[in-house]
Amino acid sequence: EEGQGVPQSYKEALKWYRMAANLGDASAQCNLGALYKDGQGVAQSDKEALIWYRRAADQGNTSAQCNLGFMYEKGQGVPQSHEEALKWYRKAAEQDDASAQCNLGFMYEKGRGVPQNYKEALVWYRKAADQGHGGAQCNLGAMHENGNGVPQSYKGAVSFYRKAADQGHARAQFNLALKYAEGQGVPQRFKETALWYRKAADQKHSGAQCNLGFLYQKGYGVNQSDKEAALWYRKAADQGHAGAQFNLGMNYERGLGVAQSYKDAMSWYRKAADQGHANAQLTVGVFFWKGQGATQSNESAVAWFRKAADQEHAAAQNNLGSMYEKGRGVRQSYREALVWYRRAADQGHADAQLNLGKMYENGSGIPKNHEEALVWYQKAADQGHSGAHQRYMETLAYSRKQKASTQESSGPSGKIELERPAAAGTTMPPLGAL
């Protein structure tokens, strides 16, 4: 199987494993199950893998017990059952199988098949970590970082991440890079950040590839290079990483490290948007609105703005409000415009605060109220929005004049611009566990 002393051949390995397995050898049964699971030397079959894992597991083979637990956890070849997974992980864990101990800890951490119990998770993670299991060490780091079952400690997290990272554990390398980037538990050092991202990226960790691209984009800890940034974004994007797809789209839109192309930009934005990436959904909407990289369509723009707005993306909510106010791609409705402007304004979105102020000033779908308009103009102006400051001063002067003359006027109208993200940014995936 490993080509030691003979030419590597999964088919030959399969033949000899089967002979030994049929004689009742538990290790051979487990190995035969692994070949079926991975489709090496034989057609892939979860069903056959399960049969051989179970035969070995019933003889007490810990690797087979752990593998059988994993198949139950994921529902591979059997109906998913966290309870069955827990049972088999425990059998192997109690025989000091480090992988099973790590997986059992994870079940307790997440409350799968058993009530969530951080302390019990820590017990099993520590047993595995003491045997040098990188996944368990990484998970212990996450427990310390998040303060789950232990006092929160970035230094403690870094200690465990480093132990796993030094063994080549990609997720631990990624997490350690994050700590260097954020200066948590260690001094902020972007060169160290780049070093650990690269180690993880070379193991095809998509989050590390995306973030390494961002470092090249900004020149943090590495020589600035849009070409290198695009290269790493593409590696992650090809693995389906939504943040990298969005960033690569941004590079194509702006011609950074790649030939400028709205069509290619739209293609990558769409891939990210289809995964629910809110910034990408907003941008796809803007591209449809402008007719960049796609046929112009207000209806499609509205659909994508709504997807992002439903995720509480303030800029998308502002844009959706504008589409309702102007009746673009949707039936004109001041009431709907007000709803979306207010949702964005309540999140502190300056343009939405300005637009909401205009609605009150002009009496669009709501009684005119200069005092309320001034409130929203002030909020936007306090964020440095120059247009809102000018509008505030004009409305204040008008309001004073109105009071003096007791005459009403609707006030000046203004143009409402659609908004899109200003720049690409790094995507930091959440910490997880094996």
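Okay, helices H3 and H4. In this predicted model, H3 covers residues 46-57 and H4 covers residues 62-74, and the two pack with their axes 8 Å apart at an angle of about 140 degrees. That angle makes H3 oblique to H4, since the cut-off for roughly antiparallel is over 145. If you turn the model to look at how they cross, the crossing of H3 and H4 is left-handed.

So who's touching whom? On the H3 side we have Asp46, Ala49, Leu50, Tyr53, Arg54, Ala56 and Ala57, and on the H4 side Ala64, Gln65, Asn67, Leu68, Met71 and Tyr72. Sort that H3 and H4 contact by class and you get nine nonpolar residues, plus two polar and two charged.

Okay, next pair: H6, residues 98-110, and H7, residues 118-129. Here the axes are 8 Å apart and the packing angle is about 165 degrees. H6 and H7 are therefore roughly antiparallel to each other, as 165 degrees falls in the range over 145. H6 goes past H7 in a left-handed crossing.

From H6, the contact uses Ala98, Gln101, Cys102, Leu104, Gly105, Phe106, Tyr108 and Glu109. H7 answers with Tyr118, Glu120, Ala121, Trp124, Tyr125, Lys127 and Ala128. By class, the H6 and H7 contact comes to 10 nonpolar, two polar and three charged residues.

Now jump along the chain to H13, residues 226-237. This helix has 12 residues and reaches 16 Å from its first C-alpha to its last, which is close to the 16 Å expected at 1.5 Å a residue. Which residues of H13 are buried? They are Ala229, Ala230, Trp232, Tyr233, Ala236 and Ala237. And what covers them? The cover includes helix H11 (190-201), helix H12 (206-218), helix H14 (242-254) and helix H15 (262-274).

Let's stay with H14 for a moment, and pick out Phe246, which is found in that helix. Is Phe246 buried or exposed? Phe246 counts as buried because its relative accessibility is 3%, and the cut-off for buried is under 20%.

One last thing to click on while you have Phe246 selected: go to Tyr269. Phe246 and Tyr269 are 23 residues apart in sequence, but C-alpha to C-alpha they are 5.2 Å apart in space.

Definitions and conventions: Residues numbered from 1 in each chain as written. Predicted model: local features only at pLDDT ≥ 70, side-chain atom pairs only at ≥ 80, totals over all residues. Heavy atoms only, no water. Axes fitted to C-alpha atoms, helices over the stretch in contact; angles between N-to-C directions. Helix = DSSP H or I, 4+ residues; strand = E, 2+ residues; numbered from the N terminus. Parallel < 35°, antiparallel > 145°, perpendicular 65-115°, else oblique. Left-handed = near helix turned anticlockwise from the far one by under 90°. Contact = heavy atoms within 4.5 Å. Nonpolar A, V, L, I, M, F, W, Y, C, P; charged D, E, K, R; others polar. Expected span 1.5 Å × (residues − 1). Buried < 20%, exposed > 50% of the residue type's maximum accessible area, 1.4 Å probe, protein only.
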